[in-house]
Amino acid sequence: MNLLLLGRGKTGSLVAEVAHERKHRVRIVGSKENTACAELTSEKLRDIDAVIDFTAPYCILANIEACVRAGKNMVVGTTGWYPEIERIHELVEKHKTGFIYAANFSIGVNLFFDAARAAAAALRRGYSGQIFERHHVHKKDAPSGTAIALQNAIRQAGGGPENVEITSFREGEVVGMHELVLESGNDRIYLCHDAKSRRGFAEGALRAAEWLVGKKGFYNFKDVWREL
Ligand SMILES: NC(=O)c1ccc[n+]([C@@H]2O[C@H](COP(=O)([O-])OP(=O)(O)OC[C@H]3O[C@@H](n4cnc5c(N)ncnc54)[C@H](OP(=O)(O)O)[C@@H]3O)[C@@H](O)[C@H]2O)c1
């Protein structure tokens with residue numbers, strides 16, 4: 001595929017690496033070249049099969065609007081735009097493009113969430129639950145977006161009206177560890193996802209771009225990753 005990658009930061013640079021390994025051609029655009037979406041006109045995107053975005057919340061909506069209006073398929077890893085999700089969904093339908101997004105493109109994390117949803121049944125059978133998340137000391141937010149998503153997934157899976165409490169740790173260079181611990185008087189269940197690197201995000205995003213070829217519509221990665 002001919003890919004345009006927006007963002008050459010921590011995740012974007014890994015997406016470029018994995019894209020080359022998977023034999024795609026990649027053009028990478030950073031913030032300086034893309035002021036006011038200068039690189040996202042129909043003319044400049046003519047030869048591009050899909051755009052992958054790992055940029056920042058301040059520019060993501062403008063990037064999405066420009067690419068969708070130019071009729072291009074998009075894979076969006078950037079977070080922070082979900083309050084506008086319905087408007088973007090309509091825009092994608094109107095322009096008949098393909099669009100896939102995720103707060104977490106890691107297949108392992110999506111599997112872990114499935115296991116956690118199944119385990120949520122324990123909370124209706126007398127177990128108490130706790131979420132622990134560990135990340136590197138440079139991380140600005142706490143709790144992590146993934147821990148909050150895990151908490152929501154457990155509640156939506158019928159884990160009771162009360163949210164499972166999240167405890168955050170910031171230690172050394174930990175890439176990202178999430179644990180769900182369920183405890184009764186008789187036993188303890190541990191579910192844990194421990195990321196070794198950011199490559200899981202990059203691989204998932206690339207596989208999503210490959211899956212999107214020839215498709216139209218608005219997709220959440222959590223609903224389609226099993227098909228990849
Ligand atoms: N869905 C997932 O699986 C997943 C995984 C990891 C991260 N994320 C999300 O992805 C986003 C990026 O994360 P990150 O850790 O890679 O951040 P990062 O290291 O800060 O990288 C962001 C990059 O975007 C570039 N950029 C900013 N505005 C741009 C524009 N208008 N056009 C093109 N490039 C632009 C920045 O360039 P300059 O440095 O030149 O400003 C920077 O290189 C965040 O929203 C994060 O939450 C999602």
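1. Two strands pair if DSSP finds at least two bridges between them, and strands (E, at least two residues) and helices (H or I, at least four) are DSSP runs numbered from the N terminus. On this basis β8 and β9 form a hairpin, with four residues between them. Strand β8 (residues 177–183) and strand β9 (residues 188–194) run antiparallel and are joined by seven bridges. Within this pairing, V181 has Y190 of β9 as its bridge partner.

2. The model is predicted: local features need pLDDT of at least 70, side-chain atom pairs count only at pLDDT 80 or more, and totals for chains, interfaces and linings use all residues. Residues are numbered from 1 along each chain as its sequence is written, and side-chain values use heavy atoms, with hydrogens and water left out.

3. The ligand is surrounded by 22 residues, of which the closest are K10, T11, S31, Y58 and F105; a residue is counted as near the ligand if one of its heavy atoms lies within 4 Å of it. Two helices, α1 (10–21) and α2 (57–69), each supply at least two residues of this shell. By class, the shell holds eight nonpolar, 11 polar and three charged residues. In that scheme Ala, Val, Leu, Ile, Met, Phe, Trp, Tyr, Cys and Pro count as nonpolar, Asp, Glu, Lys and Arg as charged, and the others, Gly among them, as polar.

4. A polar backbone atom of K10 lies 2.8 Å from an oxygen atom of the ligand. The side chain of Y58 places an N or O atom 2.9 Å from a nitrogen atom of the ligand. An oxygen atom of the ligand is also 3.0 Å from a polar side-chain atom of T79. Of the 920 Å² of accessible area that the ligand has on its own, the protein covers 75%; accessible areas come from the Shrake-Rupley method with a 1.4 Å probe, and for residues only the protein chains shown count as cover.

5. T78 belongs to the loop between β4 (73–76) and α3 (85–95). T78 is buried, because its relative accessible area is 5%; buried means under 20%, exposed over 50%, and partly exposed in between (1.4 Å probe, protein chains only). The side chains of T78 and D53 are joined by a polar contact of 2.6 Å. A polar side-chain atom of T78 also lies 2.7 Å from the backbone nitrogen of T55. Residues up to four places away in sequence aside, T78 touches D53, F54, T55, A56, P57 and I60, where contact means heavy atoms within 4.5 Å.

6. N110 is placed in helix α4 (residues 107–119). With a relative accessible area of 8%, N110 is buried. Its side chain reaches the backbone oxygen of S106 at 2.8 Å. Beyond neighbours within four places in sequence, N110 is in contact with N104, F105, F221, K222 and W225.

7. M1 is partly exposed, since its relative accessible area is 22%. Not counting residues up to four places away in sequence, M1 touches H24, R25, D49, A50, A209, E210 and V213. M1 and R46, 45 residues apart in sequence, are 13 Å apart in space from C-alpha to C-alpha.

8. Strand β1 is largely enclosed by the rest of the structure, because four of its five residues are buried. β1 pairs with strand β2 (residues 25–29) in the parallel sense over five bridges. L4 stands opposite R27 in β2.

9. Most residues other than glycine have a negative phi, and most peptide bonds are trans. The peptide bond from A142 to P143 is cis, with omega near -5°, and P143 lies in the loop between β6 (128–135) and α5 (145–156).

10. A36 is not a glycine, yet has a positive phi of about 50°. A36 is in the loop between β2 and β3 (50–53) and is exposed, with a relative accessible area of 78%. K96, likewise not a glycine, has a positive phi of about 55°. K96 is in the loop between α3 and β5 (98–101) and is exposed, with a relative accessible area of 58%.

Definitions and conventions:
Polar contact = N/O pair within 3.5 Å; in protein donor to acceptor, adjacent residues only side chain to side chain.
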